[in-house]
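Reader: Hello! Could you walk me through this model, a question at a time?

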Amino acid sequence: MKLSGFKRELCGMILGLAVLAILPVFIQDTYLRHLLIMIFVYGMVAASWDLSLGYGGVFNFGHLALFGVGLYTYALLTKQLGVDPWLALAASGGAAVIAAGLMVIPILRLKGIYVVLLSFAFSQLILQVIVSQSDYTGGNQGMVMVPALKLGDHNMMRDKKLAYYYIALTLLSACLLFLRVFVRSALGKSIVALRDNEEYAVSRGVSLGRQRLLTLTGSALFTGIAGGFYGGYFRNTSTDVFGIDLTTLILSMVLLGGRATIYGPLLASLALTLLSEATADIGVWRPIIIGAVIILVLLVYPGGLAGALTAGWRRLSAMRTPRGQGAAINKVAS
Amino acid sequence: MSDLLEVEALESGYGRIGILHGISLATGGHNVGLFGPNGHGKTTLLRTISGVIRATRGKIRFAGEDVTAWPARRIVELGLLHVPQGSRLFPDLTIRETLRLGAWPRRARPREARNLERAVAIFPRLKERWNQPVKTLSGGERQMVAISVALMGDPKLLILDEPTLGLAPRLKDELCAAIRQVSDEGVRLVVVEQDVEFLLDLADHLYLVNHGEIAAEIRPGESMNHQAIMEMYFGRELGPLT
Amino acid sequence: MTVLGQILLSALFQGSLYAMMAVGLALVWTTIGVFNFCHGVLMTLGAYLAWQFVDPEALGLPMFVALPLALLVVAAIGFALQALLIRPFIGRGDVVLVAVITTLAASSILKNGTLLVWGPRPKSIPPLAPDTIALGASNVSAHQLAIIAITPVVLGLVWLFLNRTRVGLALRAVAQNEDACQLVGMNVTALYALAFGLAAALAALAGIFFGGFKFMSPDMGTEPLTKALVVVIFGGIANITGPILAAYIIGLFEAVSIYYVGFYWTPALLFAVLIVVLMVRPEGLFARSSRGLA
């Protein structure tokens, strides 16, 4: 049986998700489940960023502000207005999409470093608005006692995070499917065309403004939802999500994972979240080690983890062919 | 005497793509002219000689030193100066500032004043635009600045890559006379040029570069008429047409 | 002192600090073409090293030895950072992007390294001038006045260096055409290192300014880096005079806004104005289109 590329990918995706879905049966530990939830959340944010950065070639340095918008939308709606948490979760995605739409206006025709600067300014503007409205948002202190997500009468607190695990996994699956369909569509191809040769693509009738708008809002949707989920999961908010540290962590997931792969950032989210947790006990040394790892990986593997894996896979499959065997033997001999 | 510049079985290219496949040439005491179709390695040859790109094989000797693996800046210090094709130079610097940078090599510093005088004598026109940014100059004027920058580096050998590209005929003549003057003052030349008349005027020793190899050579003293070169250039059968 | 006097003083003081930070960022961008997110932490290092050299609990050197020494050490750190974080990626198409993440990562390393070496306890270094000076009816700190006076001199020297010396010209040239620089015999790598080192020294000087009137913490560079980013966005990163002007304009804007609009709204207002300016003039208020120093 021969399957088309996308069908094969879909099968792989379903297989992977199935493995993740039965994982909680074997992982009973609350902390390990928490780690997986964080990997899913960061993975969503990083993979979405890959859409605008890797595929679109638009360096939106304010991507984490979209996460923040989702977080604060959820918290404000549920806590200050008493909106149903699930509705608020959907609204957090919508608010991030709107914020991304607004952000596109100033950067519509900009290039390179100016996009970085302006999206940075935009994220700072959102941060400053949140800080200045401390009566509602708690200002620099953040908000506490944010209402949690609810599943009927199910007690979310006493199931060892099982419900949160499945919610996060569902969101991640939806996010992944959305992103892969997006980049494989004609729209996705035109976005890549714009990135690779803007003048030619524009001259062939691709609209720069429309495509940038769709890319950035597309990257905002699940980033905002992830932010909303984060609020419902942790039940508090903090302006730290706008800080340079989280941006560094997520951005390095995108770069280390390998740009324009979607799966790469997800993989890097796994690696970096685990590294981050494994080093949690060594205090100040933790950011130092993570920073050093980021720099080292970039020095050694310019294509990121996905590039390294692809290269490794190729070498492996080359070794299985006779010619490859010869090469491998030569290597051993020399 | 030994050759000022001697290139032996040179191979080079960009990344894995080889452009030069074993080129050998020597200047003797003469000015050398390179000609041949576009995209066959003339510019790559010049860039390899001046150290901008690395040779993958072969040898380059200049002024008695093996400079094959040297970086460009050390080769410049020996007195080999390369005027690249259609250089933008430094768009925001003025002519005065640009020429001052030309005297960057240590060996050129003591003679900075003399070299400046020489450049201005050869290209008096530059003095009129002394404090204008280079980006405001015409193509011909920019080419004059580019050659003057090289003269400020006190060259023993001057490499010119298509100096007349895109220039009006009148400017071409002016530039040709100026380059001749440079040569008369004892600076050896390696010139790449599409305009055969121009090349015949300046060079005594011609090489035809084709497919990254030396396809033909006309030594000093051998007959070097326009007709013969055109035949080499386009192949025998086209001869009668020119 | 009158309201106007206070606003002007505050504008000049903040403007000086912003300018000192922003010029280094612009210098690195124009010569190397990358954005240096280590700039804030280089400022922090300048302040801490100055403390290390000058404080009686540490080395206790006299100020006139300690401060230049701190600047030199930070410049050397800048040299090293450039070689490790930027140089290996030069020539790659995505160097701007990669440099963002490598300098961010290095900034995290250095910030936490500072915490590791010097601990979390707030420190301060002696002000450049200890007294207060009577200006009209009120007293003004001499340290602030010293900063207001020194900054234009230092920046003027930087400007002269870039415009009147051969090495300065070379830095401007490398920003415009690297190939041509090689062909006149310049060592482009060394020029990159020089630009980075000089920028680092300027950041360190800003750190010494800060450490003389505020308590130092390992995180002290983050806020000034953000402000310096705003300044270069506003003034344009394609030269150094634009950011200098922008620094003083933003200092004035903040002083006026804090007085009339209030402390909490000022940052939001600043960013809103910034975005509007950028929509009209993406390259900044004072920039020409091409990249080039001075």
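Reader: Thanks! Just after H2(A), which residue takes a positive phi?

Author: Happy to start there, with a word on conventions: this is a predicted model, where local features need pLDDT of at least 70, side-chain atom pairs count only at pLDDT 80 or more, and totals for chains, interfaces and linings use all residues. Residues are numbered from 1 along each chain as its sequence is written, chains are lettered from A and ligands numbered from 1 in the order in which they are written, and side-chain values use heavy atoms, with hydrogens and water left out. Helices (H or I, at least four residues) and strands (E, at least two) are DSSP runs, numbered from the N terminus. With a phi of about 70°, the residue that follows H2(A) is A:Gly57.

Reader: Where does H2(A) bend?

Author: A bend is the angle between axes fitted to the seven residues ending at a residue and the seven starting there. In H2(A) this angle is about 25°, and the place is A:Trp49.

Reader: Is A:Asn60 buried or exposed?

Author: A:Asn60 sits in the loop between H2 and helix H3 (63-80) of chain A. Contact means heavy atoms within 4.5 Å; not counting residues up to four places away in sequence, A:Asn60 touches several residues, including A:Trp49, A:Ser52 and A:Leu216. Buried means under 20% relative accessible area, exposed over 50%, and partly exposed in between (1.4 Å probe, protein chains only). At 0% relative accessibility, A:Asn60 counts as buried.

Reader: What is the radius of gyration of chain A?

Author: Chain A has 15 helices and 0 strands. The radius is taken over C-alpha atoms, and the globule rule is 2.2 Å times the number of residues to the power 0.38. The rule gives 20 Å for 334 residues, so chain A is as compact as a globular protein of that length, with a radius of gyration of 21 Å.

Reader: Over in chain B, which strands stand at the edges of the sheet?

Author: Two strands pair if DSSP finds at least two bridges between them. The open sheet of 6 strands in chain B has mixed pairing and the order S6-S7-S8-S3-S9-S10. Two of its strands have a single partner each, so one side of each lacks a neighbour in the sheet: S6 (80-83) and S10 (213-218).

Reader: In the hairpin of S9(B) and S10(B), which residue takes a positive phi?

Author: S9(B) is largely enclosed by the rest of the structure, because 5 of its 6 residues are buried. S9(B) joins S10(B) in the antiparallel sense over 5 bridges, with B:Val209 opposite B:Ile214. The hairpin has 2 residues between the strands, and the residue with a positive phi, near 50°, is B:His211.

Reader: In S9(B), what is the bridge partner of B:Gly33?

Author: S3(B) and S9(B) are parallel partners, with 4 bridges. Across that pairing, the partner of B:Gly33 is B:Leu206.

Reader: Last one: how many Å apart are the nearest C-alpha atoms of chain A and chain B?

Author: Among the 2 pairs of chains that touch, chains A and C have the most contacts. Chain A and chain B do not touch, and their nearest C-alpha atoms are apart by 17 Å.
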